[in-house]
Amino acid sequence: WMPLSSNIGDRLPMAGPDYSTVHLGDGPPVGGLGGMMGMDSFPSHWIVYLAVTDTDATVAATEAGGGFVLSPGFDTEFGRMAALTDPYGAAFWVVQLTGQA
């Protein structure tokens, strides 16, 4: 077990004006929290991001396994991302990390 570091609060403006990252120790971000980029009526929620080696292959495997694509793969400064659901409707994101992400 490792306590959360005191560097909670690293701002990530591209995710929203009040979005901050959460870190374990001095390592890279392991999570984040903030508003929904102007979508005030959107309910509070948690969402899981999974690092994958190939976003597009993961999208194809998800569809082949009965899951659904909410947002097809697109490129960001962190890597290629997609929003998916499992066959039962549980939503999650995948990201093929690039560089120092």
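Q: In the hairpin of S2 and S3, which residue takes a positive phi?
A: In this predicted model, glycine 25 takes a positive phi near 60°, and the hairpin has five residues between strands S2 and S3.

Q: How many bridges hold S2 and S3, and in what sense do they pair?
A: Strand S2, residues 20–23, and strand S3, residues 29–33, are paired over four bridges in the antiparallel sense. One of the bridge pairs is histidine 23 with proline 29, the latter being in S3.

Q: Switching to the open sheet, what is the strand order?
A: The order is S4-S7-S6-S5, an open sheet of four strands in which the pairing is mixed. Strand S4 (49–51) and strand S5 (68–75) stand at the edges, and because each has a single partner strand, one side of each is left without a neighbour in the sheet. On average, and with direction ignored, neighbouring strands of this sheet are turned by 20° against each other.

Q: And S6 with S7, parallel or antiparallel?
A: Strand S6 (residues 79–85) and strand S7 (residues 91–97) run antiparallel and are joined by seven bridges. Within that pairing, arginine 80 has glutamine 96 of S7 as its bridge partner.

Q: Which strands does the helix touch?
A: Helix H1, residues 55–64, packs on the sheet and touches S5, S6 and S7, with a direction that makes about 10° with that of S6.

Q: What about threonine 55, buried or exposed?
A: Threonine 55, which has its place in helix H1, counts as buried because its relative accessibility is 0%. Leaving aside neighbours within four places in sequence, the contacts of threonine 55 include Gly73, Arg80, Met81, Val94 and Gln96.

Q: How much of the protein is buried, and what does the surface come to?
A: Buried residues make up 25% of the 101 residues, while the accessible surface comes to about 7000 Å², with 61% of that belonging to carbon and sulfur atoms.

Terms used. Residues are numbered from 1 along each chain as its sequence is written. This is a predicted model: local features need pLDDT of at least 70, side-chain atom pairs count only at pLDDT 80 or more; totals for chains, interfaces and linings use all residues. Side-chain values use heavy atoms; hydrogens and water are left out. Two strands pair if DSSP finds at least two bridges between them. Helices (H or I, at least four residues) and strands (E, at least two) are DSSP runs, numbered from the N terminus. Axes are lines fitted to C-alpha atoms, for helices over the stretch in contact, and angles run from 0 to 180 degrees between N-to-C directions. Contact means heavy atoms within 4.5 Å. Buried means under 20% relative accessible area, exposed over 50%, partly exposed in between (1.4 Å probe, protein chains only). Accessible areas come from the Shrake-Rupley method with a 1.4 Å probe; for residues, only the protein chains shown count as cover.
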